[in-house]
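Visitor: Could you take me on a close look at a single part of this protein? I'm new to this, so please keep it friendly.

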Amino acid sequence: MVDKPGEFAAAAVSKAAEAVEKAAKMVEGMKRSVPGAPSSRPPSLEEPTEPREPLPPKKDQSSPETRTPTGAETRAARDALGQQGEWLTTSQGVRLYETDHSLKAGERGPTLLQDHHLREKVMHFDHERIPERVVHARGAGAHGSFIGYGNADDVCKAAFLRKDVETPVFVRFSTVVGSRGSADTVRDTRGFATKFYTEEGTYDLVGNNIPVFFIQDGIKFPDIVHAAKPHPDREIPQAQSAHDTFWDFVSLHTEAQHHTMWNMSDRGIPRSYRTMEGFGVHTFRLSNSDGATTLVKFHWKPKLGVHSITWEEAQMLSGVDPDFHRRDLYDAIEAGAHPQWELGIQTFPDVPEQTFEGIDLLDPTKLVPEELAPVQPLGLLTLDANPTNFFAESEQVAFHAGHLVPGIDVTDDPLLHARLFSYLDTQLTRLGGPNFSQIPINRPHAPVNDMLRDGFMQQGVHSGVAPYRPNSLDGGCPFHAGTDSAFVEAPVTVPAATKVRDAPASFDDHFSQVRMFWNSMSPVEQEHIINAYTFELAKCYEPVIRERQLQALANIDPGLCAKVAEGLGMPAPPADLKVASADPSPALSQLGQTWPLDGRMVAIVVDAEGDLSGVNDARTALFAAGIVPLVVAAHGGTVGDGIEVQRTFGTARSVEFDAVLIAGCPAPSPDALTARDAKSGADTNAALDPRVALLITEAWRHAKAIGAWGTGSDALTATGIDASDLGIVAAENGSDVVEALLVLMGAHRVWDRFATSA
Ligand code: HEM
């Protein structure tokens with residue numbers, strides 16, 4: 001109890017200090033929650049001088065398990081795969097006292113050939129690059145786990161699908177066409193490749209975010225890829241389909257039309273890897289422990305829903321943040337918003353004709369509507385750790401459609417068969433020899449005894465003298481496994497047939513499912529498709545290519561064709577094919593529900609004169625909702641009482657954010673000069689900083705939710721946006737605004753703000 005005035009004052013001071021400390025900790029905590037720190041420890045201002053062990057990876061990072069090349073557990077810590085000890089050494093572990101100067105004959109003399117350290121350092125540097133993937137070169141990976149629900153037992157005996165079995169996984173998402181350094185947000189298909197390190201060996205599900213493919217036969221893969229890649233003479237355009245060779249091919253080879261329309265839809269420009277569906281595309285054959293078989297198609301269903309960006313956002317992001325999807329994945333995992341997908345299957349009886357409801361299951365340009373065969377969930381994938389080293393993990397990972405485990409087999413899909421040949425073949429060159437399955441990220445978690453020997457970069461030290469079967473010198477090892485535990489091809493009868501280079505007649509229908517996809521889209525999604533075709537075809541130089549593609553569109557839907565033709569200033573041709581009418585499949589539309597918001601980004605525009613305590617409340621409420629708030633202010637550093645600034649008016653751009661909160665009406669700051677920042681208007685006497693005005697109007701144009709309170713409402717007025725407009729929230733304080741904003745964000749966008757011509 002305090003009974004003297006002096007003690008009272010001291011207690012008050014200490015209480016105040018406590019409160020300040022608490023507030024500082026809160027702010028510090030919030031700061032840490034904004035992902036993107038480059039290192040596991042904040043750096044010192046001065047160059048460190050105390051020798052120390054290498055810093056551990058960041059908390060959100062993991063690396064491959066420390067298995068031997070033959071799959072045995074080593075129990076070594078995962079960071080044992082990285083650099084060791086506090087001293088700089090040669091690759092042989094010999095300590096070095098200096099690496100800043102080469103060995104010379106005198107300070108000004110020539111470099112000496114005997115400098116073995118220089119030679120090693122430069123030799124290794126000279127060979128740091130390996131060939132990028134021939135397709136899917138641009139990507140990003142993450143570690144996680146898969147837990148089976150146990151409801152696959154009737155159809156599949158694979159151990160990793162059993163109830164509560166937890167299997168480590170590594171997933172790599174990618175674009176298809178662009179080079180390794182290309183932008184993430186280009187219009188393209190996305191790869192969704194999952195490596196399950198199961199106890200029965202590694203299983204790879206190498207899929208895409210689009211359930212159909214451009215071609216029916218793998219022999220056409222080089223053709224479609226050559227057509228989609230940059231023109232071979234000038235090597236442009238990079239990572240785009242909006243050019244003559246792509247449209248030349250798909251308009252002639254019309255089986256590509258279905259996949260092409262998916263690419264032209266919002267699916268071609270996902271908001272995030274976390275908000276994509278995944279598809280195995282082909283039909284696979286599962287078998288249960290009694291040997292009974294079922295045909296299936298695999299699906300990944302994202303817990304966060306399927307969402308996209310707009311085309312203008314995609315184009316802007318290619319400049320503002322070409323790493324948008326990579327950053328989003330890493331940041332979300334670092335922020336603890338671990339993305340999840342349910343693996344599911346559509347099942348079909350394994351009948352000799354391999355069709356379902358008239359759909360040829362061996363034709364990879366066709367999907368089976370979920371309304372005809374619902375997706376049945378089999379387990380949950382969670383990605384919870386970023387790679388520790390991009391090259392070692394995301395670049396060196398080698399997926400293969402032929403990495404199968406007992407219970408999962410291929411069908412006779414002619415596209416799949418070419419893939420079964422292609423992946424190992426390409427990896428032989430890409431990874432520099434036949435031993436790439438021994439690279440840490442590719443090492444199985446099951447015992448390996450494969451009788452494969454030697455070769456470049458052999459990591460195993462195999463014992464014994466008899467890597468052949470049968471043998472007696474190695475005691476007969478290794479033995480054949482019983483058919484219970486071994487991979488056994490499903491004993492499917494191949495009908496007697498004549499060798500042909502041909503396809504079944506059922507593969508001839510190239511248009512009915514494209515029409516179904518078009519009919520399944522909401523009006524706003526259809527507008528986006530019209531716009532995408534118009535944009536891409538307008539980028540083609542040759543009018544005949546546009547004309548030919550318009551003919552394909554006429555066969556899909558005359559209304560679609562007319563609108564694209566109008567944009568191109570060309571006549572819309574009549575259909576020249578009779579295409580079956582197609583009922584919509586509502587599951588194909590991305591709209592119409594609400595979804596969780598984990599890992600979304602919200603800008604909070606602050607003004608030193610505005611309501612800063614409301615900013616803290618808004619930040620707290622957003623963090624609590626799993627969202628990352630980024631404070632945008634006139635200058636870097638802090639605003640008010642220690643509110644950390646993440647973006648300045650000069651560095652922020654609306655396309656980074658899913659929604660915008662405005663907590664003030666900042667007047668133009670001193671750097672709002674066109675000479676310094678091209679985003680600035682000339683009017684430095686405006687009521688609102690022109691960069692903030694741009695941020696708000698772009699967010700408006702892209703149908704994002706916008707919230708304002710206090711003088712933030714004046715900022716809205718300054719941009720001509722009315723507080724009663726669609727998707728605008730104006731309230732008394734930051735917390736109330738956030739509450740209403742979250743509801744709007746659940747629908748991803750304020751869809752009704754987009755005008756449609758329908
Ligand atoms: C349904 C059809 C297909 C799907 C879903 C698909 C999916 C994928 C994915 C996701 C990757 C990236 C893997 C990674 O992240 O490392 C990939 C890479 C690749 N795909 Fe496919 N692909 C398909 C068809 C084909 C076909 C028909 C071929 C060849 C005939 C092919 C050849 C390749 C090659 C060579 C790579 C690069 C692999 C590497 O360098 O590691 N793909 N594919």
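Guide: Let's go to Pro349, which sits in strand S9, the stretch covering residues 340–349. Keep in mind that this is a predicted model.

If you skip the neighbours within four places in sequence, Pro349 is in contact with Leu295 and Phe356. Ser613 is another story: it lies 264 residues from Pro349 along the chain, and the C-alpha atoms of the two are separated by 62 Å.

For a contrast, hop over to Val465, in the loop between helix H9 (414–430) and H10. With 58% relative accessibility, Val465 does count as exposed. Together with Tyr468 and Leu473, Val465 makes a nonpolar surface patch of about 320 Å².

And what about the inside? In soluble globular proteins, nonpolar side chains tend to be buried together. Here, the largest nonpolar core has 51 residues, and Trp247, Met261, Tyr533, Leu560 and Val564 are the ones with the most contacts inside it. Several helices give two or more residues to this core, including H3 (221–228), H10 (512–520) and H12 (543–556). H12 gives the most, with 6 residues. Zoom in on Tyr533: beyond its neighbours within four places in sequence, its contacts include Trp247, Thr260, Gln549 and Leu553. There's also a second, separate core, this one of 37 residues, with Val155, Leu161, Phe298 and Leu404 among them.

Conventions
Residues are numbered from 1 along each chain as its sequence is written. This is a predicted model: local features need pLDDT of at least 70, side-chain atom pairs count only at pLDDT 80 or more; totals for chains, interfaces and linings use all residues. Side-chain values use heavy atoms; hydrogens and water are left out. A nonpolar core is a set of buried Ala, Val, Leu, Ile, Met, Phe, Trp, Tyr and Cys residues joined through side-chain atoms within 4.5 Å. Buried means under 20% relative accessible area, exposed over 50%, partly exposed in between (1.4 Å probe, protein chains only). Helices (H or I, at least four residues) and strands (E, at least two) are DSSP runs, numbered from the N terminus. Contact means heavy atoms within 4.5 Å. Patches are made of residues with over 30% relative accessible area and no salt bridge: like charges are joined within 9 Å, nonpolar side chains (Val, Leu, Ile, Met, Phe, Trp, Tyr) within 5 Å. Accessible areas come from the Shrake-Rupley method with a 1.4 Å probe; for residues, only the protein chains shown count as cover. A salt bridge is a side-chain nitrogen of Lys or Arg within 4 Å of a carboxyl oxygen of Asp or Glu.
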